[in-house]
Amino acid sequence: MNLITLTPLDLAVAAVLVVTLAATSYRLRLGVERDLIIATARTFIQLLLIGMVLKVLFENTNLLWVSLMAAVMLAAAGREVMVRQQRRFLGWWGYGLGTMSMFISSFTVTLLVLFTIIGAEPWYTPQYAIPLLGMMLGNTMNGVALGLDRLTQSAWQQRAVIESRLMLGDDSNTAIGEIAREATRIGMIPIINAMAAAGIVSLPGMMTGQILAGAPPLEAVKYQILIMCTITIGTGFATIAAVRIGARHLFDERQRLRLDRLRKPAPGA
Amino acid sequence: MSQLRLASLAVHNLGPIDLELAAHDCVALSGRSGSGKSLLLRAIADLEPHTGEVFLDGVACASVAPWQWRSQVCLLPAESQWWYPSVGEHFRQLDAGWLEQLGFEAEVLDWEVSRCSTGERQRLALLRLLSRRPLALLLDEPTANLDPESAARVEALIESYRRAEGAPVIWVSHDRAQGQRVATRHYVLSTGQLREASS
């Protein structure tokens, strides 16, 4: 392994370059310099913190700590899904719907991979469990957020059409069928595109990181294939579940379209 | 042959409203805009959460599946909606005589919806509704965008459907003369209550 260790100075150079970009943004009055600086600072702080947490976690293989870490990651992903939706469901549904779908899908697929494919001893060995779950949640989150956002936005825009179909005696599943299918597709397209372009247009980030960290390319590639398949499975099933459950919750027990269950978007958002 | 009965129907600040329609009955409903005429029709079709009950031939709305209720007590909204590209895709089966009665040729089913005028869409929406053979009709200004000749054709078609099927009709209209032509009784909705208007 010819791992070239990065020094704090190396990272400082990268930081200075980001500041240069921020200065350019200021001069061109793009108005993104503030967000850019904050986002960069967050990257530094969050990743360094998680690095330290992982270091401790890897040194003590303990199911309780791994579970706690997984719960925190899920909670953060759930919050991210919620805030990315303009017209999310009011109350607990706004948070619970996305979080529950991700939980069911991501955790099932991660456990399946840990047990049947990787087979580390013990199965919850944090070096495998945590990064795998992280990749799963990160991508599943995108699919679920995109799918739900599309579902609620379309239902809002096409409420007259949905209700017209109800008036003609369609059941709620039929009335929202096309909207729900479209929303599910929208949620799944990015990951399908990523698989199709993998290796040709872009070298996936995880693989790049492994190769830079000194792993043999073919080993990195094998893991990348495994990861891409699993996140596609996880994203697909989570998006399907979230959109289906969400579509059902847009109607009440008498199959009336209940858009009053959605939050109105903040003005200017 | 069906009867429609509203029993203490209340929705938002409307009602409670009691109303009974025998088979063949046609009730005209008028009232200022914002008085809740459309809301009342939506509640009867069970599209709005409400209290009280609506009965069709003595069967309560709450006791049948919602889609079944709405395919029997059919609401024609003031603005028609279309979701497939061509007109024909919205129809299951259609009585060719009806098309003719509203002044359409059979080719209308191949037309693209986007090329139909508002008035054409409104008349086609009525045909779409009637082709599902509803037992009771809730009509929200069915002739609002029509020229007098088309309006007369629509009135005649609804009249013949009502007589042939014995279907009760609630007809929202701003046009007092139309109300007198088509309806057996006339009600005004104001401050949330129905009042029978003297004709």
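1. B:Ser114 is a place to start. This residue of the predicted model sits in the loop that runs between α3 (96-101) and α4 of chain B. Is B:Ser114 buried or exposed? It counts as exposed, because 9 other C-beta atoms lie within 10 Å of its own, and the cut-off for an exposed residue is 12 or fewer.

2. The partner of β6(B) is strand β7 (residues 136-140) of chain B, and the two pair in the parallel sense over 4 bridges. One of the residues already named takes part in this pairing: B:Val73 has B:Ala136 in β7(B) as its bridge partner.

3. Chain B also holds an open sheet of 4 strands. The order of strands across this sheet is β2-β1-β4-β5, and the pairing is antiparallel. Which strands stand at the edges? They are β2 and β5 (59-60) of chain B; each has a single partner strand, so one side of each is left without a neighbour in the sheet.

4. Within that sheet, β1(B) can be followed on both sides. Towards β2 (residues 14-21) of chain B, strand β1 (residues 4-11) is joined by 5 bridges, and the two strands run antiparallel. B:Leu9, for example, has B:Ile17 in β2(B) as its bridge partner. The hairpin of β1(B) and β2(B) has 2 residues between the strands, and B:His12 in this hairpin takes a positive phi near 45°.

5. Towards strand β4 (residues 51-56) of chain B, β1(B) again has 5 bridges, and this pair is also antiparallel. Two residue pairs show how the strands line up. B:Ala7 has B:Glu53 in β4(B) as its bridge partner, and B:Ala10 stands opposite B:Thr51 in β4(B).

6. Taken as a whole, chain B has 6 helices and 10 strands. Its C-alpha atoms fill a box of roughly 45 × 35 × 30 Å along the principal axes. Why can its radius of gyration be said to agree with a compact globule? A compact globule of 199 residues would have a radius of gyration near 16 Å, and chain B has 16 Å, which agrees. Buried residues account for 40% of the 199 residues in chain B. Of the contacts in chain B between residues at least 6 apart in sequence, 73% join residues at least 24 apart.

7. Chain A is built from helices, with 9 helices and 0 strands. Its C-alpha trace spans about 70 × 55 × 40 Å along the principal axes. Buried residues make up 30% of the 269 residues in this chain. Among contacts in chain A between residues at least 6 apart in sequence, the share that joins residues at least 24 apart is 75%.

8. Chain A is divided into domain 1 (1-59) and domain 2 (63-261). How far apart do the C-alpha centres of domain 1 and domain 2 of chain A lie? The distance between these centres is 27 Å.

9. The two chains touch. The contact takes 13 residues from chain A and 18 residues from chain B. On chain B, the elements that give two or more residues to the side touching chain A are α2 (66-72), β6 (73-76) and α4 (118-130). Of these, α2(B) supplies the largest share, with 4 residues. The residues on this side of chain B divide into 10 nonpolar, 2 polar and 6 charged.

10. A last point concerns confidence in chain A. The mean pLDDT of this chain is 90, and 97% of its residues reach 70 or more. Which helix of chain A has the lowest confidence, and which the highest? Confidence is lowest in helix α8 (residues 205-212) of chain A, at a mean of 82, and highest in helix α6 (residues 159-167) of chain A, at 95. Where pLDDT is low, the predicted coordinates should not be read in detail.

Conventions. Residues numbered from 1 in each chain as written. Chains lettered and ligands numbered in written order. Predicted model: local features only at pLDDT ≥ 70, side-chain atom pairs only at ≥ 80, totals over all residues. Contact = placed C-beta atoms within 7 Å. Nonpolar A, V, L, I, M, F, W, Y, C, P; charged D, E, K, R; others polar. Domains from an automatic or database assignment. Pairing = 2+ DSSP bridges. Rg over C-alpha atoms; globule rule 2.2 N^0.38 Å. Buried ≥ 20, exposed ≤ 12 C-beta atoms within 10 Å, placed from the backbone. pLDDT = per-residue confidence, 0-100.
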